[in-house]
Amino acid sequence: FASYYGDHMVLQKEPAGAVVWGYGEPGATVTVVLSEDSGLIVMKKTVRVKGPSGTWTTVLDPMDRGGPYALTAGQGSENVTLRDVYFGDVWLCSGQSNMAMTVLQIANATRELADAARYPYVRVFAVAPARSDVELEDLERIDLPWSIPTAENLGHGNFTYFSAVCWLLGRYLYEALGYPVGLVEAAWGGTPIEAWSSRRALRACGLPEDAGRRGLRGSPFWAAFALPLRALLLELQLAFCTPLSPALASGISQHRRLSGPQTPSVLWNAMIHPLLNMTLQGVAWYQGEANTFLHTDLYNCTFPALIADWRRAFHAGSAGQTQPLLPFGFVQLSTYRRQSPDDSFARLRWHQTADLGVVPNARMPGTFMAVAMDLCDERSPYGSIHPRDKQNVAHRLQLGARAVAYGEKDLVFQGPYPTRAVLEVTRGLLNLTYSQELVCRQRDTRAFEVCCSTPCGWLPAPVVAVGSRTVTLALAGCGTLVLALRYAWAEWPCEYQSCALYNTRGLPAPPFL
């Protein structure tokens with residue numbers, strides 16, 4: 001079997017068929033048998049080993065949820081058997097350090113780790129960090145083979161395995177679904193989206209395939225491809241758990257270019273491409289901090305391009321078993337520095353939605369988003385860029401998953417969003433109508449800002465009234481011309497769970513421009 005397969009694994013249940021592949025002698029016949037614990041054969045598949053790759057692939061008949069089963073692959077007199085195999089839903093979790101943060105590092109870690117034993121049917125697998133200049137067919141290394149969760153393998157160390165966001169998402173989904181869930185982690189801290197993108201996806205956004213691999217000093221691409229400051233900050237915060245001064249970080253970034261895991265496509269090649277034969281139910285993504293200093297304003301292309309490219313690749317790699325519109329959930333960026341004048345976090349949050357504010361939308365169908373800007377953590381021992389409240393992140397993600405990936409009707413999975421704006425010129429007021437009933441937690445005078453001139457000089461638009469679904473803003477100093485309006489447009493827009501607007505379910509209104 002290929003390195004992804006193992007005892008205790010979860011394979012995708014019906015209506016899809018799980019793909020199984022491995023190695024053998026070119027031209028030889030491999031027999032794949034799925035059997036119950038009693039030995040009763042459930043299905044048998046025969047496949048020929050392809051040359052010169054020496055690989056074989058078969059698609060199992062769609063299986064109902066449950067188990068345990070044994071999966072055997074045999075060639076001649078040689079047999080390999082995987083035991084304690086279950087069928088359920090398989091989710092891939094990827095991104096940078098906020099996805100890599102382990103259960104050991106989060107709020108209430110002791111209790112979360114102790115609870116692991118209560119969820120033996122949520123199985124976990126972790127890809128080891130690796131990079132490659134060419135697309136690999138199989139994983140080079142594995143950090144955690146398929147395992148039943150324990151306190152040790154969920155909290156192996158800091159930023160190793162197992163991902164807290166991934167684990168909690170899987171656990172919450174298991175509680176809602178009542179059948180096995182398989183979780184595959186493939187994450188690496190401090191990495192930009194370009195490293196996780198195929199060359200095909202980079203080309204779709206006009207990015208050169210060899211960006212970062214050649215000397216760029218003095219070229220038009222130098223400023224764009226200098227090692228992202230945020231990625232460097234993350235690397236250093238991982239090592240020292242303390243913020244680096246922006247001036248020092250900027251000085252360092254000017255003398256380095258993209259290398260190692262930041263290099264375009266190297267993580268796609270080594271950590272994602274080898275998984276394409278898997279049949280998946282969905283993807284969870286937590287990444288973007290590194291792109292607040294690298295191609296920030298291209299993220300509205302690179303992110304939708306990555307999603308579309310992964311969907312095409314997983315659908316093709318699984319012989320059509322992974323659905324073409326593979327559900328794709330993501331976490332909108334949280335916070336970093338209080339009082340920072342920099343708006344790169346705000347811009348990137350906006351670009352994460354393809355500049356439309358909410359998902360799913362026309363440019364990002366089949367997606368769902370967990371807003372996290374109100375889950376700030378200035379005292380995190382891992383640096384404020386790594387908030388410890390991953391429970392709310394995962395809760396918001398699983399609401400989106402249940403609505404988008406599982407089609408759960410009438411489930412509120414996102415916060416309120418404005419649907420209409422009416423200007424009352426004579427009174428100097430702007431009336432906003434929202435999609436849901438509102439709860440105002442904070443009358444922050446800078447939550448809303450208006451632009452009244454070109455170029456924009458943003459002015460506060462204080463909230464003067466909040467109705468059931470309406471917000472009235474004062475436009476003092478703006479006159480009759482309002483060119484633009486924005487909400488929560490800051491690196492650190494509010495305090496913990498205290499942004500201005502929420503719905504009655506406690507979900508925050510997302511930022512908008």
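This is a predicted model: local features need pLDDT of at least 70, side-chain atom pairs count only at pLDDT 80 or more; totals for chains, interfaces and linings use all residues.
The protein is divided into domain 1 (10-83), domain 2 (87-207 + 260-406) and domain 3 (418-503).

**Asparagine 361 and helix H11**

- Asparagine 361 is placed in the loop that runs between helix H11 (344-351) and S13, and because its relative accessible area is 12%, under the 20% limit, asparagine 361 counts as buried.
- Leaving aside residues up to four places away in sequence, asparagine 361 is in contact with Thr353 and Leu356.
- Helix H11 is itself mostly covered, with 7 of its 8 residues buried, namely Ser344, Phe345, Ala346, Leu348, Arg349, Trp350 and His351.

**Methionine 373**

- Methionine 373 belongs to the loop between strand S13 (367-370) and helix H12 (391-405), and its relative accessibility of 0% is why methionine 373 counts as buried.
- Apart from residues up to four places away in sequence, the contacts of methionine 373 are Leu333, Ser334, Thr335, Arg349, Tyr487, Ala488, Pro493, Cys494, Cys499, Ala509, Pro510 and Pro511; Arg349, one of these, is also among the buried residues of H11.
- Although methionine 373 and glutamine 497 are 124 residues apart along the chain, their C-alpha atoms are separated by 8.7 Å.

**Glutamine 436**

- Glutamine 436 is found in the loop between strand S15 (429-434) and strand S16 (439-440), and with a relative accessibility of 18% glutamine 436 is counted as buried because the limit is 20%.
- When residues up to four places away in sequence are not counted, glutamine 436 touches Val412, Gln414, Gly415, Pro416, Ser468, Arg469 and Asn503.

**The largest pocket**

- The largest pocket has a volume of about 460 Å³, and of the 20 residues that line this pocket, Arg446, Trp489, Ala490, Trp492 and Pro493 are the closest to its centre.
- Pro493, listed there among the residues closest to the pocket centre, is also one of the residues touched by methionine 373.
- By class, the lining of the largest pocket is made up of 8 nonpolar, 2 polar and 10 charged residues.
- The largest pocket lies between domain 2 (87-207 + 260-406) and domain 3 (418-503), because both domains give residues to its lining.

**Cavities**

- The structure holds 3 cavities of 30 Å³ or more, and the largest cavity has a volume of about 100 Å³.
- The lining of the largest cavity consists of Val358, Val359, Met369, Ala370, Val371, Arg396, Phe413, Gln414, Gly415, Leu507, Pro508 and Pro510, and these residues divide into 9 nonpolar, 2 polar and 1 charged.

**Domain separation**

- Taken over C-alpha atoms, the centres of domain 1 and domain 3 are separated by 58 Å.

Definitions and conventions:
Residues are numbered from 1 along each chain as its sequence is written. Side-chain values use heavy atoms; hydrogens and water are left out. Helices (H or I, at least four residues) and strands (E, at least two) are DSSP runs, numbered from the N terminus. Buried means under 20% relative accessible area, exposed over 50%, partly exposed in between (1.4 Å probe, protein chains only). Contact means heavy atoms within 4.5 Å. On a 1 Å grid over the protein atoms alone, a cavity is a set of points where a 1.4 Å probe fits but cannot get out, and a pocket is an open set with protein on both sides within 12 Å along at least five of seven lines; lining residues have an atom within 4 Å of a point. Grid points are joined across faces, edges and corners, and a volume is the space filled by probe spheres set on the points. Ala, Val, Leu, Ile, Met, Phe, Trp, Tyr, Cys and Pro count as nonpolar, Asp, Glu, Lys and Arg as charged, and the others, Gly among them, as polar. Domain bounds come from an automatic or database domain assignment.
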